[in-house]
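Please keep the sequence and the structure in view while reading.

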Amino acid sequence: MFNPTVLTAGQEREARGGIVIPGNWKGPNMRKGKGTHMWRLRQEKPHLFDQKDKDLVHMSHTPADKPPGFEPCQFVGMLYNKDKNIYWELATRKKHWFDEVEQVHRPLYEGEGLPCSFCGGAAAVTAIAAAGEAPSSAAPSKSAAAAAAASKPTESSSSASASPSAPAAAAAAASSSVAPKQVLISDLHGVAKALKKDFGHLDRPAGALAIVGAPRDPQGVTLESAARAVPEKLLRRLAAYRSEWTDEELCAALAGSIADVAGGDPGLRPNAAIALVVGDRIVAAAAPGTHIGVCMHSNAAGDDPQGVVVCSPDGDDETATVCRRLGEDDADTLTVSLAVGAGFSNFTASAPHLVNGRPRAASITHLRWMRKEGCNGPLGVGCARLALQLGGSCSSGSAPAAKRQKTEEVTKIRVRQILLRHAGMAKPIDPVRNKKVTRTLEEAEEQMLQLLVEFSANNCANFPAVCKAKSECHSSLKGGALAGDMGWLDRAPPSGGSGSGSSAQKASAMKLTLPPHVLKGAFELQVGELGDIMTSEQGVHLVQRTA
């Protein structure tokens, strides 16, 4: 009778009681004639093959309607997208990410774009060297587009008290005179893309602002290293957790990023304050030596805040944190001020400028108040605003915000400006009056702040007259109402174009231009709107868009 089962040569020998040829030809069992075939192992210990069988069944039952880019993987009931590093659960049809630390899959949160706007700015000054001597000022930082772009303010030295040892004295002298560093990240998603990280789990807008002062301990990290490390540590923590962040978790992430800079040693922690904006939330953390103030505003109440939350560490080893949301206490605007330096802070003094979207003017106002209160050491202030856009709603029960209506992109604008130069420039010369400039940067910013307050009060009615009298830009030489006019400016700086090279270069040299970051800020203005105080290598700018 025909037998449908065909035995292999090894099975036949085993059935006759002969020697079984083992699977491991080089092993010690070869001489003893011992070994176990896979078919017998499956019969005797089937539980060893359960996972393999489940994987085969799983791979053979991949649904036809699976999301694009997802393929079978080693995890049962999951499909994997290699490009996005996320998983899709077959049972729930929801996306997950794999937590390498806890070795578990967690629900993936996909951030939403909320109808809010974020802006931030900062200013810093060095210590006053001696009584009666005008303080010098540090140049403000610029926002980075491709990384956590912290600019490095100009540093100046001043006298400091002697220390027992020469290295400690040098460190103390440096830390007592250097202005705090400033870090502004206006778009965390843009930075994440440049760094090849995924921040899709964070709501929009998302940005960060940090003020980093000199370390309390000379043996700690340097000021420059801390200014680079604080945003880097924060970005790493935000990228490592891709589920929805709670308020408490965001507060812990900010405090942890400051502690990470010092390797967990509280004594080496830098004097740093950080503010993070995620969707409709402002989260802030303050290390010892810094202060935080969060103000809640409502359009119905004008520029005066409805409530103020002041936050500062209680002890030398603590980091204070605070979190507020739009909509709490009917607030449609949240403002946060970070202050680094010894002394007190008045967080409501800068509120009018900050509510109107001028964070650098608000920072300068805050610094000016601290100086008047006798704070003569190095100071740094950063201000940020999170505002609900007109017609928007950030209530927790609301539906996802509708996309903003697309408008035609503006490629040309016309602006006028007032420019004040200062002694810290490479060429401190007023080209209009052909004389040397002796004012400090701090004095130039204070003078520009006074002009800003005046223009805000009279709706720029006397802009041409003030420009002709005070501006140190060639544009002030234009006559009548055109005083300060910069002409029509393109969004992108001219690249040379085509045609005659020499004539194109001459035309470009004769044309009045603005530094790139000042030009970018001008394109964000509405027609007739007065911009924020901005500083560049050309001096201190105040720009109004006219067309």
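## Helix 11

In helix 11, the buried residues are Leu-441, Glu-442, Ala-444, Glu-445, Met-448, Leu-449, Leu-451, Leu-452 and Phe-455. The model examined here is a predicted one, and every value in this report is to be read with that in mind. An α-helix has 3.6 residues a turn, so residues three or four places apart point the same way.

Helix 11 runs over residues 441-458, and its 18 residues should span 26 Å at 1.5 Å a residue, which agrees with the 26 Å between its end C-alpha atoms. Just after helix 11 comes Asn-459, whose phi is positive, at about 60°.

Arg-236 is joined to Glu-232 by a salt bridge in which the closest N and O atoms are 3.0 Å apart; both residues belong to helix 7 (residues 223-240), where they lie four residues apart, about one turn of the helix. Arg-236 has a relative accessible area of 48% and is therefore partly exposed, and Glu-232, with a relative accessible area of 37%, is also partly exposed.

Asp-430 and Arg-433 form another salt bridge through their side chains, with 3.0 Å from N to O. Are these two residues buried, exposed or partly exposed? Asp-430 counts as buried because its relative accessibility is 0%, under the cut-off of 20%, whereas Arg-433, at 31% relative accessibility, counts as partly exposed. In the salt bridge between Glu-524 and Lys-520, the closest N and O atoms are 3.0 Å apart, and here both Glu-524 and Lys-520 are exposed.

## A network around Arg-281

Salt bridges can also link several residues, as they do in the network made up of Asp-247, Asp-280, Arg-281 and Arg-325. Of these, Arg-281 is placed in strand 11 (residues 281-286), and it counts as buried because its relative accessibility is 6%, which is under 20%.

What surrounds Arg-281, leaving aside residues up to four places away in sequence? Arg-281 touches Trp-245, Thr-246, Asp-247, Leu-250, Leu-276, Cys-323, Arg-324, Arg-325 and Leu-386, a list that includes Asp-247 and Arg-325, which also belong to the salt-bridge network.

Note on methods: Residues numbered from 1 in each chain as written. Predicted model: local features only at pLDDT ≥ 70, side-chain atom pairs only at ≥ 80, totals over all residues. Heavy atoms only, no water. Salt bridge = Lys/Arg side-chain N within 4 Å of Asp/Glu carboxyl O. Helix = DSSP H or I, 4+ residues; strand = E, 2+ residues; numbered from the N terminus. Buried < 20%, exposed > 50% of the residue type's maximum accessible area, 1.4 Å probe, protein only. Contact = heavy atoms within 4.5 Å. Expected span 1.5 Å × (residues − 1).
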